[in-house]
Amino acid sequence: MSSRSRRRKVLTQREIWRLVRFLTVGAAVALTYSLLFTGLRTTGANLWESNGVAHVGSVTVQYVAHTLWTFRSRLLDHRQQARFVGVILFGFGFSFAVTTTISPTMGWPDWVSVLLVVFLLPVFNYALYRFWVFPQRTR
C-alpha cells in the first residue's frame, strides 16, 4: 500500500469516527433537551420557560461536546463561538422557513416538514461545523 493510500485511509477513518462522535453528541443533545423540557414542565414551568431553559442547556452541551470531543478544538475561542451561534441561527431559520413557508406553499403535510428538517439540518450543520466553525488547523 502506498503512503498516499495509507494517508487517505487514515483520513477516511478519522472522518468516520468524527461523524460517529457528531451523531453521538446529537443524540445526547436531543436527550438533554427532552429531559430538561419535560422535567421543567412537570415542576410547573410554562411552555416558554421550559423551552427556553431546555434550548439554552442543550445548546451549551452541544457546543462543549462538539468543541472538545467531536472536533477537538479550543473551548474559549471567540471567533469559533460566534460562528457556532451563526450555525444555530441558520438552523433556526432553516427549520422556520421549511415549516412555515416552504412546506405550506408546496402543500406538503407537516410530517414532510419534520422529515426535511430532521434529515437535512444535521447534514448542513456537520458541513458548517466541520469546515467553518471548527476547521482543521495545520500544525
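This report describes the predicted model of one protein, from its overall build to a few single residues.

Because the model is predicted, local features are given only at a pLDDT of at least 70 and side-chain atom pairs only at pLDDT 80 or more, while totals for chains, interfaces and linings use all residues. Residues are numbered from 1 along each chain as its sequence is written, and side-chain values rest on heavy atoms, with hydrogens and water left out.

**Overall build**

The protein has 4 helices and 0 strands, and along the sequence its pattern reads α-α-α-α; helices (H or I, at least four residues) and strands (E, at least two) are DSSP runs, numbered from the N terminus. Taken along the principal axes, the C-alpha atoms fill a box of roughly 60 × 35 × 25 Å. Of the contacts with a separation of 6 or more, 58% are made by residues 24 or more positions apart, where contact means heavy atoms within 4.5 Å. The protein exposes about 9,600 Å², and carbon and sulfur atoms supply 70% of this area; accessible areas come from the Shrake-Rupley method with a 1.4 Å probe, and for residues only the protein chains shown count as cover. Buried residues make up 27% of the 139 residues, where buried means under 20% relative accessible area, exposed over 50%, and partly exposed in between (1.4 Å probe, protein chains only).

**The nonpolar core**

In soluble globular proteins, nonpolar side chains tend to be buried together. Here the largest nonpolar core has 10 residues, namely F22, V59, Y63, F71, F84, V87, Y126, Y129, V133 and F134. Such a core is a set of buried Ala, Val, Leu, Ile, Met, Phe, Trp, Tyr and Cys residues joined through side-chain atoms within 4.5 Å. Helices α2 (47–70), α3 (78–106) and α4 (110–133) each supply at least two residues of this core, and α4 gives the most, with 3 residues.

**Polar side chains**

Y33 lies in helix α1 and is partly exposed, because its relative accessibility is 26%. Beyond four places in sequence, Y33 is in contact with N51, A54, H55 and S58, and with the side chain of N51 it also makes a polar contact. A polar contact is a pair of N or O atoms within 3.5 Å; within protein, one must be able to donate a hydrogen and the other to accept it, and residues adjacent in sequence count only if both atoms are side-chain atoms.

| Side-chain pair | Polar contact |
|---|---|
| Y33 and N51 | 2.4 Å |

R18 is found in helix α1 (residues 3–42), and it counts as buried because its relative accessibility is 8%. Apart from residues up to four places away in sequence, R18 touches T70, F71, Y126, R130 and Q136.

**An exposed loop residue**

Most residues other than glycine have a negative phi. R72, in the loop between α2 and α3, has a positive phi of about 50° although it is not a glycine. R72 is exposed, because its relative accessible area is 58%.
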